[in-house]
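This report describes a protein model, beginning with the contact between two chains and then turning to selected local features. Please consult the sequence and the structure shown below.

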Amino acid sequence: MHGRPRKPPTPEEEKAYDAKAAKLRSLQTQFLHFHHNQIYTKEALEVCAKLVESNPEYITAWNYRKLAVEHIVSSHSESDLESDPDCIKSIFKEELRVTERALAKNYKSYGAWYHRKWVLRKGHSSIDRELQLLQVFLKQDTRNFHAWNYRRFVAALKNRSDEEELQFTTDMINDNFSNYSAWHNRSVLLSHLLEKKVDGYFPKEKVLTEENDLVHQALFTDPDDQSGWFYHHWLLDQIVKIKTPLLVYTWPPHGSNLEVWVDGCLDVEGVNSSTITIESSMHDTNKDLVWKPLSTNNSGRAQAWVTHLSFLEEKLHFSQANPIKVTMGHSEGIKAVSDMISWGDKKFHSYEARPMESSQINFSNPLKNSDDNDLMAYKWNAETVANEISLFRELLSETDCKIGKLTLARLLTALDAMILYNKTSDSNEVVHFEEVLELYSDLMKVDPPHSQFYKDEYSLVLLQQLTSTPESLLRHCYHYRDSSPSSINSYICLRLCNLSLSRIGSIEQLLWIQMLDLSHNHLHSVEGLEAMQLLSCLNLSNNKIGSFSALEPLKLLKSLKALNISYNEFGAHSVDTRRYSCSSPLNHTVGADWNFGDWNPIDGIDFTNCWEAFSIFKDLKLTQLEIIGNVIAEENFKLFLVKVMPSLKWLDGVELQ
Amino acid sequence: MKEDLYLSLQPDTLPSFRHLIGSSEPLSTAGALTPLRSEANSSSDFINGYRMGEELEAEKHVNYILSVEKKKDDFESVVMEHIRINGAYWGLTTLDLLGKIGVVDSEEVVSWILKCQHESGGFGGNIGHDPHVLYTLSAIQILALFDKINVLDIDKVSNYIVGLQNEDGSFSGDMWGEVDTRFSYIAICSLALLHCLDKINVEKAVKYIVSCKNLDGGFGCTPGAESHAGQIFCCVAALAITGSLHQIDKDLLGWWLCERQVKSGGLNGRPEKLPDVCYSWWVLSSLTMIDRVHWIDKEKLVKYILDCQDKEKGGISDRPDDAVDVFHTYFGVAGLSLLEYPGLKAIDPAYALPVDVVNRIFFGR
Ligand SMILES: [Zn+2]
């Protein structure tokens with residue numbers, strides 16, 4: 001029931017309702033009788049017609065009509081059809097009439113629209129009227145998605161071209177800019193036309209410019225109407241997107257480093273294409289791979305090495321994993337973290353104090369563009385984005401529009417990415433981090449309901465800025481020395497504490513990090529950390545992580561030994577937002593044989609309720625864990641942890657025997 | 001004046017409310033005057049939202065649902081007759097979330113459910129109605145609530161659903177061939193609850209759903225169809241259940257979904273549409289599954305849902321002061337459950353059943 005006022009009915013209304021109910025009840029009873037006894041007489045069909053006209057969502061009645069049609073058509077003999085060729089047509093015509101009357105009652109009825117499609121598919125009816133009929137329905141409600149779906153069905157049936165349908169969306173949009181349905185259909189049609197490079201829709205640059213002009217009119221007419229903005233966002237995406245074969249959610253992403261590490265071990269040398277073989281169906285194996293050491297001190301030795309793979313576009317499969325198999329000829333012994341890590345400030349020494357070691361920090365440069373064709377496209381893209389930027393600056397000078405601000409922030413970020421990707425050594429880069437950060441801070445204030453969305457974006461930009469130059473990164477690098485006399489451990493620790501980070505990004509710049517301190521932020525997810533394969537010590541204390549399933553990425557960190565998750569929100573939430581992102585029987589990413597094995601129950605621990613913890617910790621080989629300060633961290637749970645992780649030596653600072 | 005509102009709270013209907021207050025800041029702070037929104041950087045403190053004078057009329061909603069179950073002859077019940085099994089699922093799940101499913105005679109419900117089963121194995125919306133996956137899922141969910149899935153002939157039910165998968169991976173709703181991603185979700189959810197997901201071609205089913213993904217990150221009912229929050233729930237949940245959430249551009253979809261929140265705090269289902277309580281469920285569950293639920297203002301949404309209650313007779317409506325119905329009562333309460341409103345059982349965002357029911361099915365020994 002939608003949009004019906006809440007007020008007690010007047011006695012007259014009540015009477016009318018009762019009469020209607022009695023009438024409907026009687027129709028239903030009669031109808032079910034006909035249906036169950038397969039009675040398809042004229043009278044029966046009329047009862048059924050009355051029923052669907054007063055209650056168009058009565059699916060069984062539509063089914064009955066289909067059965068009746070099939071029954072009547074099959075009962076006509078060949079000779080009947082010869083003497084009266086129109087009789088079949090009239091049967092279907094009647095069905096169309098019934099659906100029209102039902103739709104007049106409720107134009108959102110799934111059953112009625114589908115019945116009409118079913119009739120038309122039989123091929124005995126003219127489809128010429130359908131577009132006219134649709135005009136009527138779309139006039140009634142220009143956003144009726146049933147009518148739009150039906151229009152796509154009719155267009156396909158009539159073989160209407162994408163261009164004709166695109167013109168229809170233009171007409172609808174010119175009628176009223178605030179029509180998201182029309183913009184949506186336009187994006188579908190236009191992407192077909194661009195993809196097929198249909199005459200008039202090539203080159204892409206020309207089309208995108210025209211589309212930008214069209215959507216600008218909508219945005220400038222009413223900046224607070226969302227309809228055009230999502231279309232604009234899609235257009236922008238077409239312009240700034242580097243034609244990467246791998247999408248954002250794959251790892252490693254396109255253009256990133258394929259990284260080879262040796263578990264917890266010291267420097268290695270001699271990594272090259274003959275000592276490491278890479279098997280993959282999609283990269284150009286003819287090219288000799290050049291390996292570069294990460295964390296280098298020019299000795300040709302490093303703990304991590306990277307190489308760039310060139311992918312053959314035609315061999316990539318988009319929606320599936322593209323596996324790469326790396327085989328190493330030789331690896332050194334494993335060195336484990338042997339002493340308890342203390343995250344106290346005293347252990348950290350400002351990195352600048354020891355300049356002679358700064359060469360240990362590797363600053364990996366982003367991939368640079370060298371393709372000439374790409375550079376041509378880049379020029380147009382950069383110009384377009386620059387134009388858009390000035391246009392939206394202008395809009396924002398006139399009106400305080402939140403999506404306008406968000407768009408400007410995105411445009412500036414896109415321009416920065418383009419500059420960084422394409423910059424030549426002598427170009428003076430202009431980066432807009434400060435302005436973008438300011439825009440997001442401002443958005444948090446003007447649009448408080450979505451402040452966490454902007455805050456996530458803010459965090460990503462902040463991390464981009466922080467990792468954009470070696471100098472800015474070095475400011476957060478510290479030297480960790482532990483006090484134990486027997487120890488020779490000394491680590492470089494990246495400390496990103498107290499930055500109000502709600503999200504982690506720019507991991508590609510941090511692949512070499514072994515020790516990472518993210519404490520005192522607002523993180524609720526650690527997605528992305530799995531790429532930091534050298535990580536052995538991680539401090540996540542004083543964040544907002546609410547469930548163990550959120551720690552699933554850590555399962556991929558084979559060197560992780562010390563983990564601090566104290567003072568988070570484990571056990572404080574009834575809803576787990578990572579429930580379906582981690583492997584479990586719930587999402588069928590593990591087999592039906594998945595269970596808690598032979599664990600004997602511990603008093604007070606219900607395994608059904610802590611399967612997430614079990615599933616995460618059984619795969620971690622931690623020697624040290626801090627979990628104090630969480631709702632869940634009571635004694636029983638600690639006993640459980642000790643049982644699940646036999647490798648554990650210290651729990652909450654206490655040495656286990 | 002606001003202080004009185006604390007006293008009006010009934011501890012037996014909202015057992016953990018006190019606990020929540022106790023575990024956070026002390027009651028004595030001037031909570032009633034605290035602005036509804038907490039600062040962006042401070043922790044989102046739900047209690048402020050609840051202190052504005054709204055509370056869930058749990059008891060009244062229970063009574064409302066029980067009264068609807070009993071009514072059979074008024075106009076609304078007659079109009080809903082063909083989907084009575086859906087109505088039963090909405091009502092019973094709401095009762096379970098409110099901790100009151102015990103008042104229902106489970107034997108009676110189960111025997112009625114079995115009478116709705118068709119010889120093909122599928123279920124009708126009521127006794128004597130044609131089978132359809134829409135009603136089959138409700139039947140399975142209701143039996144799950146009572147831990148009675150074992151009364152089913154699992155092979156028979158699952159074969160009915162399996163038989164509706166098409167060559168392209170999509171699902172028809174019944175023998176008449178209407179195709180829609182809603183039916184993909186229903187098929188996948190039903191079969192998973194029956195531990196029979198391996199009987200269909202999951203890969204193709206996922207591929208079809210992905211083919212309905214739009215350029216705004218959302219999903220439509222067939223390829224090229226406009227994104228719609230209800231449809232997005234179906235597709236995201238189907239991808240969640242099949243371990244395929246990586247097919248979703250979470251940031252793009254998350255932004256579209258969080259922009260469904262309008263000034264009143266309510267959520268709409270498509271851009272430039274009116275808010276409606278039922279979208280509290282469709283949008284919230286989708287945002288929860290893709291881990292972007294923090295992108296909306298939960299307090300404002302809680303307030304919007306509570307504003308849609310009929311505080312006299314119970315029940316929740318689509319918008320404030322509209323007529324209530326079981327459908328919106330369920331979606332309102334389920335939404336509040338996802339918002340971690342105190343005193344409610346947690347609901348699973350993909351299977352649309354209480355978490356303890358889902359855990360019993362998948363982790364029970
Ligand atoms: Zn609604």
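How much area is buried between chain B and chain A, and what percentage of it do carbon and sulfur atoms give?

## Basis of the report

This is a predicted model, in which local features need pLDDT of at least 70, side-chain atom pairs count only at pLDDT 80 or more, and totals for chains, interfaces and linings use all residues. Residues are numbered from 1 along each chain as its sequence is written, chains are lettered from A and ligands numbered from 1 in the order in which they are written, and side-chain values use heavy atoms, with hydrogens and water left out.

## Interface between chains B and A

About 8100 Å² is buried between chain B and chain A, and carbon and sulfur atoms give 53% of this area. Buried area is the accessible area (1.4 Å probe) that two parts lose on being put together, summed over both. On the chain B side, W176(B), W255(B) and F363(B) lose the most area to chain A, together 11% of what that side buries. The contact (heavy atoms within 4.5 Å) takes 98 residues from chain B and 92 residues from chain A.

Eight salt bridges are counted between the two chains, a salt bridge being a side-chain nitrogen of Lys or Arg within 4 Å of a carboxyl oxygen of Asp or Glu. One of them joins the side chains of E226(B) and R143(A), at 3.2 Å from N to O. Helix α13 (residues 250-258) of chain B gives the most to the side that touches chain A, with six residues. Helices are DSSP runs of H or I with at least four residues, and strands are runs of E with at least two, numbered from the N terminus.

## Helix α10 of chain B

Helix α10 of chain B comprises 13 residues (181-193); at 1.5 Å a residue it should span 18 Å, and its end C-alpha atoms are 18 Å apart, which agrees. The expected span is 1.5 Å times one less than the number of residues. Of the 13 residues of α10(B), 13 are buried, where buried means under 20% relative accessible area, exposed over 50%, and partly exposed in between (1.4 Å probe, protein chains only).

At the start of α10(B), a side-chain oxygen of D180(B) comes to within 2.8 Å of the backbone nitrogen of R182(B). Just after the helix, H195(B) adopts a positive phi of about 60°.

## Chain A

Chain A has 19 helices and 16 strands, and 50% of its 657 residues count as buried. H33(A) lies in helix α1 (residues 11-36) of chain A and counts as partly exposed because its relative accessibility is 43%.

Technical notes: A polar contact is a pair of N or O atoms within 3.5 Å; within protein, one must be able to donate a hydrogen and the other to accept it, and residues adjacent in sequence count only if both atoms are side-chain atoms.
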